[in-house]
Amino acid sequence: MRRTFINHLTELAKENKNIFLLVGDVGYNVVEKFENHFPDRFLNVGVAEQNMTSIAAGLASEGYHVFTYSIANFPTFRCAEQIRNDVDYHNLPVTVVSVGGGVGYGSLGYSHHAIQDYGLIRMMPNFKIASPGDLNEVIGVLNYLTSNPQPSYLRLGINNENKYTVNKKNIVPGKWYPLPSNKGREDVVLSTGTSLKWVMNNIERFKNKDIFTLPLWGIGEKKKQRAISRKFSSIITVEDHLYDCGFGSWLKESLNISGTNRSIQSLALPIEATNMVSSEENILKKMKIYN
Amino acid sequence: MSDKVIKKLANKIRLDLLKMIFNSKSSHIGSSLSIVDLLVVLYGKKIIKFNPNKPNLSDRDIFILSKGHAAAALYAVLANVGYFSKKKLLEYGSNNSNFMAHVSHKVPGVEFSTGSLGHGLPIACGLAVAKKRKKLPNYIYVINSDGEMAEGSNWEAILFASHHKLDNLILIIDYNKLQSFGSVENTLGIEPMKDKFLSFGWNVYEVDGHNYNSIEQALFNCKASKGKPKCIIANTLKGKGISFMENKVEWHYKNPNKSEFDLAVKELTL
């Protein structure tokens, strides 16, 4: 996913002269493509995520659309206040990019497990969360974000080089996208982010259900969810994130706010996952159903 | 602008901020009084390139008050140099006002909201990089408090500014040597501050932060030197200008009562 991200960002930056990439000393052998093409719109700020995020706010206030690039929780939790005060409050076009959303860095342990990041970012009033499920959605959300510069979080998985969805030139915030294999069923699975890979690897569990993705969401998209969800009898949300304050919780809040008391099940990680050191596949086996 | 005129402006601003803080029953009068003379040189002597009639002019310098708790001083200065009517200052700290008691970017002339310490200098680094990449000749000015220098994010920015030779960045440290609970020395000592900045690769100037000529000269020196970011260590007095508040830690939070207010007004209007 990260290579697709850099390749497409580099292509977009050829036309869009405002795109600026900051990296927090990660991305070796990946980000060089952008740096080589646009040395005047690239900086490695060093291992200093607080500074990186505030620098991004400063650059953005001068007209740049800045991407801050790091891994796991480093570009989010380490600099949460800079995201809140400097980026979100000033409503500046900064896209925080994290590689390794979920438990892609499973064996590296808790410090590298980004399983609370939705909870943090979805509290930011101006932020959009872009969580692509496959390579096509990486392209689609990037097209949207660069056409609509605003505070945003791009959560990229590792070990996910698949294409499950169809090409979407532009992704619409809050919209659910069906997989091509869907058959118009009323029982559906709604996945966000790289947990789509887990859904596809465990497709026998969902054999009588259609699969949808929701690659772009946030506080601003809550109101749209009632009309969309009304079409379906049952919904199972899937995420590689803790259940608490995650994607499924977001959808449930959205529907309750809108006055619908629809029952939704969520497949998400339990608190016990915070003590696991294992492969992504093994940790995701611990996902539980939350009613 | 002569020293006599600038002193008169400083007194007006001290009187304005006293009224704002007294009326709103808010804090940080000592911190606000501490930076008035720095602000009147920057704005009153037009060291900063600004135009209140065109606040978003691309060819402008940018000022960030990182010690956002001294908002009253900045608002009073911005009103006095023409960004908005002085009547607006009466809204300070009141319900539903944009004039919140920590610096707000919703107030004309304010570039960035602050309040949580350690944000202004890193943002300024981004602005300084942007001005350089766009080949714009503008300067970025930041005022930090001395207690604020305990924030680690400042030191990330200090390293960064030096590494990238951000000579369009001028940091002024309001070194009144008192923070909210007591002295900087007893809380988390910062000395030798000048040596720290020199070793991080900055040019450093030390001045009396209430001497207009010294402040102005240091700012000229900052602009004249190339290749490094610049720091002015401004030795100031917390509560400067109101005798019974000077160098008293309690005036970080304390709000003047009516008799203290009257006494302060009398001192400032002598």
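**Interface between the two domains of chain A**

Domain 1 of chain A and domain 2 of chain A bury about 2300 Å² between them, and 59% of this area lies on carbon and sulfur atoms. Buried area is the accessible area (1.4 Å probe) that two parts lose on being put together, summed over both. Within domain 1, A:I115, A:Y118 and A:R122 supply 29% of the area buried against domain 2, more than any other three residues.

The model is predicted: local features need pLDDT of at least 70, side-chain atom pairs count only at pLDDT 80 or more, and totals for chains, interfaces and linings use all residues. Side-chain values use heavy atoms, without hydrogens and water, and residues are numbered from 1 along each chain as its sequence is written.

Domain 1 spans 2-156 and domain 2 spans 177-290. These bounds come from an automatic or database domain assignment. The domain centres, taken over C-alpha atoms, are 24 Å apart. Each domain gives 31 residues to the contact (heavy atoms within 4.5 Å).

Three salt bridges are counted between the domains. A salt bridge is a side-chain nitrogen of Lys or Arg within 4 Å of a carboxyl oxygen of Asp or Glu. A:R155 and A:D240 meet in a salt bridge through their side chains, at 2.8 Å from N to O.

On the side of domain 1 that touches domain 2, α6(A) gives the most, with four residues. Helices (H or I, at least four residues) and strands (E, at least two) are DSSP runs, numbered from the N terminus.

Technical notes: Chains are lettered from A and ligands numbered from 1 in the order in which they are written.
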